[in-house]
Amino acid sequence: MMMPKGSYLSPKLLDLLNTFEEALAGRLKQLKPADKEDVLCLSWMKSAMESLCGVHTDIKTLITALELPVADWDDKWIDVYLNNSVNLLDICIAFSSEISRLKQSHLFLQCVLHNLSNNSPDQFIRARSSLDGWKQHIASKNPRLDNCFSVMDNLAQTLDLPKIKNSAKGKVLMRAMYGVKVMTLFVCNIFAAAFSGSAKKLMDLQVPETCLWADAFTDLQIFVNTESRNMFSSGKITIVKELEAVDIGVKKLYPIVQDGVDPVEAEVLKNITSDLEKSAEEFSKGLDLLAMEVDGFFKIVLTGRDALLCNLRVGGNVFDHMGASNNRERQAVR
C-alpha cells in the first residue's frame, strides 16, 4: 500500500528508511506500560512527550541524511510539513494552557493546608472555602481543548500519504513523515482525552501492515485506549492518576472540615491532611516536569518550521540553518 510494486529504493535509501522505522518501533514499544495502573500517570505522559520529541528529532536527522535540498521539495511536501507544524503548535499551546490551569489548582490546596495548620476559630470555614474553590476550578472547562480536538480531526483526515512520482527520496520522506504524524496524533489525542475527562473522542487509527512499526503501534494503541476507556467508564473525574489521588484526598477531608473535628477525629484529620499534602505535591511536581517536555516539543516543532521557511527563501538543505542555530544555543547555555 505504501510502497507499491515497481517502486525502487537504492540500498542506501532503504537503509535510511528502515533505520528510521525501526527506531520508531522501538520508541512505541518502550511506551507500553508494564502495568495497566501506569496508563496515563504523569510520568507516562512525560515519557510519551519525550518520545515524541525524539521522533521529531529523528525525522530531521533523516531529512539531512537524504541530502534533499528544499529547492527539490515538491510543493505538496512543503504544504504537508507546514500545515502539520502549525497545527502542532496550536496543540502545544492548548496543552500548556491546560497544565497551567491545573497548576493553579495547587494554590487552593496550599490555602487548605495553611488554614488547617492554624488554630484560628474559623480555620475550618476557610479550609472548606478553599476546598470548594479547588473543586470548582478542577470542574471548569478549558475551551482551548475543544479546539484541540478539531485540529486533530483535521490531521486525521489528511493522514493518508500523498502520491509521490519520480522521486525515491520523496517517497522515503513522505513515508517517514507518515509515521511521525501517526505517533504524534496518537499521543496528542490521548493527552487531550485525559485533560478533557472524556473518552468520546479517543481515536483508533488504522495503519498499513507494511510499516515496520505497525505492530508496535497497534499493540500500544489497543492497550492504552482500552485501559483509558475502562477508567472513564468507572466514573472517575479524571484518568490522570496523580489528580485522582488528590481528588480522593479532598473527598476524605471535606466532610471533616464541614462538620468540625472532635478529639477522636483529630488524628484522622492529621493523617488525611498529610496524605493530601503528599499527593498534591506529587501532582504539582509531575505537572512541572510535563510542562517542560511540552515546551521542549513546541520548540522542536517551531525551529523545524522556521528552518524550512528560511531555506525556502535562501535555498540549501532544510535543516542546515536549524542545526547552526541549535549549536549557538547550546554554546550560549554552556
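Setting aside neighbours within four places in sequence, Phe95 touches Leu145, Cys148, Cys188, Phe191, Ala192, Phe195 and Val294, where contact means heavy atoms within 4.5 Å. Before we go on, note that this is a predicted model, in which local features need pLDDT of at least 70 and side-chain atom pairs count only at pLDDT 80 or more, while totals for chains, interfaces and linings use all residues. Residues are numbered from 1 along each chain as its sequence is written, and side-chain values use heavy atoms, with hydrogens and water left out.

How exposed or buried is Phe95? At 1% relative accessibility, Phe95 counts as buried, a word that here means under 20% relative accessible area, with exposed being over 50% and partly exposed in between (1.4 Å probe, protein chains only). Phe95 is also named, with Trp73 and Trp213, among the residues with the most contacts inside the largest nonpolar core, which has 108 residues. Such a core is a set of buried Ala, Val, Leu, Ile, Met, Phe, Trp, Tyr and Cys residues joined through side-chain atoms within 4.5 Å.

Now look at the rings. The whole structure holds seven aromatic pairs; Phe, Tyr and Trp rings (the six-membered one for Trp) pair if their centres lie within 6.5 Å, and planes under 30 degrees apart count as stacked, over 60 as edge-to-face and the rest as tilted. Phe95 and Phe191 form a tilted pair because their planes are at 40°, with the ring centres 5.6 Å apart. Phe95 belongs to helix 3 (residues 75-117) and Phe191 to helix 6, so this pair ties together parts that are 96 residues apart in sequence. Helices are DSSP runs (H or I, at least four residues), numbered from the N terminus.

Elsewhere, ring pairs join Tyr178, Phe186, Trp213 and Phe217 into a cluster.

Finally, turn to helix 4 (residues 123-139) and helix 8 (residues 241-259), whose axes come within 10 Å and cross at roughly 145°. Axes are lines fitted to C-alpha atoms, for helices over the stretch in contact, and angles run from 0 to 180 degrees between N-to-C directions. Residues making this contact include Leu131 and Lys135 of helix 4 and Val250 and Tyr254 of helix 8. The charged end of Lys135 sits over the ring of Tyr254, 3.9 Å from its centre; this requires NZ of Lys or CZ of Arg within 6 Å of the ring centre and within 35 degrees of the ring normal.

Definitions and conventions: Helix = DSSP H or I, 4+ residues; strand = E, 2+ residues; numbered from the N terminus.
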